[in-house]
Amino acid sequence: MHEISLVQGLVQQLKELAAANQATKIISVTMEIGPLCGVVVDSFRFGFDIISSEEELIRGAELKVNIPTVRYTCSACGNVLVTAGERPDSCPSCQEQAIFPEGGDDLILLQVEME
Ligand SMILES: [Zn+2]
């Protein structure tokens with residue numbers, strides 16, 4: 001489960017941010033998790049729960065997750081689909097399977113609330 005190592009990287013980033021801001025407690029963390037970045041949100045949350053309970057700095061912090069929408073353009077008819085869920089199998093207008101996503105593969109730390 002590679003989400004654990006991603007959470008560990010996030011925690012490292014949070015420690016550095018807290019140190020730079022002289023904060024002693026992280027209250028909430030907002031992540032953007034693109035539906036195409038290969039991260040399972042539930043696993044990420046699970047990892048965050050485990051690791052945050054072991055770290056004084058982030059214990060009890062709330063993890064907020066934003067799932068951005070992704071635009072897919074059909075290579076055959078140019079139809080544009082927008083979805084925040086799974087990749088569509090094919091274009092709904094012409095059934096073409098070659099549809100190309102734009103964005104949606106980012107894992108970004110959007111916002112941190114600390115004190
Ligand atoms: Zn199409």
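What follows is a short chat about the predicted model shown above.

Visitor: How many helices and strands does the protein chain have?
Guide: In this predicted model, the protein chain has two helices and six strands, and along the sequence they follow the pattern α-β-α-β-β-β-β-β.

Visitor: Which residues have the most contacts inside the largest nonpolar core?
Guide: Those are Val7, Leu14, Ile26, Val29 and Phe44, in a core that has 15 residues. Helix H1 (3–20), strand E1 (26–33) and helix H2 (41–54) each supply at least two residues of this core, and the largest share, five residues, comes from H1.

Visitor: And Ile26, what is it in contact with, neighbours within four places in sequence aside?
Guide: With those neighbours left out, Ile26 is in contact with Leu14, Ala18, Leu57, Ile58, Ala61, Val112 and Met114. For the protein chain as a whole, among contacts between residues at least 6 apart in sequence, 70% join residues at least 24 apart.

Visitor: Changing topic, in what order do the three strands of the open sheet come?
Guide: The order is E4-E3-E5, and the pairing is antiparallel. Strand E4 (80–83) and strand E5 (99–102) each have a single partner strand and stand at the edges, so one side of each is left without a neighbour in the sheet. On average, and with direction ignored, neighbouring strands of this sheet are turned by 25 degrees against each other.

Visitor: Over how many bridges do E3 and E4 pair?
Guide: E3 and E4 pair over four bridges in the antiparallel sense, and strand E3 (residues 70–74) likewise pairs with E5 in the antiparallel sense over four bridges.

Visitor: What does Thr73 stand opposite in E5?
Guide: In E5, Thr73 stands opposite Phe100, while its bridge partner in E4 is Val80. Cys74 has Ile99 as its bridge partner in E5. As a general point, side chains in a regular strand alternate between the two faces of the sheet.

Visitor: Last one: how many residues lie between E3 and E4 in their hairpin?
Guide: There are five residues between E3 and E4, and Gly78 in the turn has a positive phi of about 80 degrees.

Technical notes: Residues numbered from 1 in each chain as written. Contact = placed C-beta atoms within 7 Å. Pairing = 2+ DSSP bridges. Axes fitted to C-alpha atoms, helices over the stretch in contact; angles between N-to-C directions. Core = buried A, V, L, I, M, F, W, Y, C linked by C-beta atoms within 7 Å. Buried ≥ 20, exposed ≤ 12 C-beta atoms within 10 Å, placed from the backbone.
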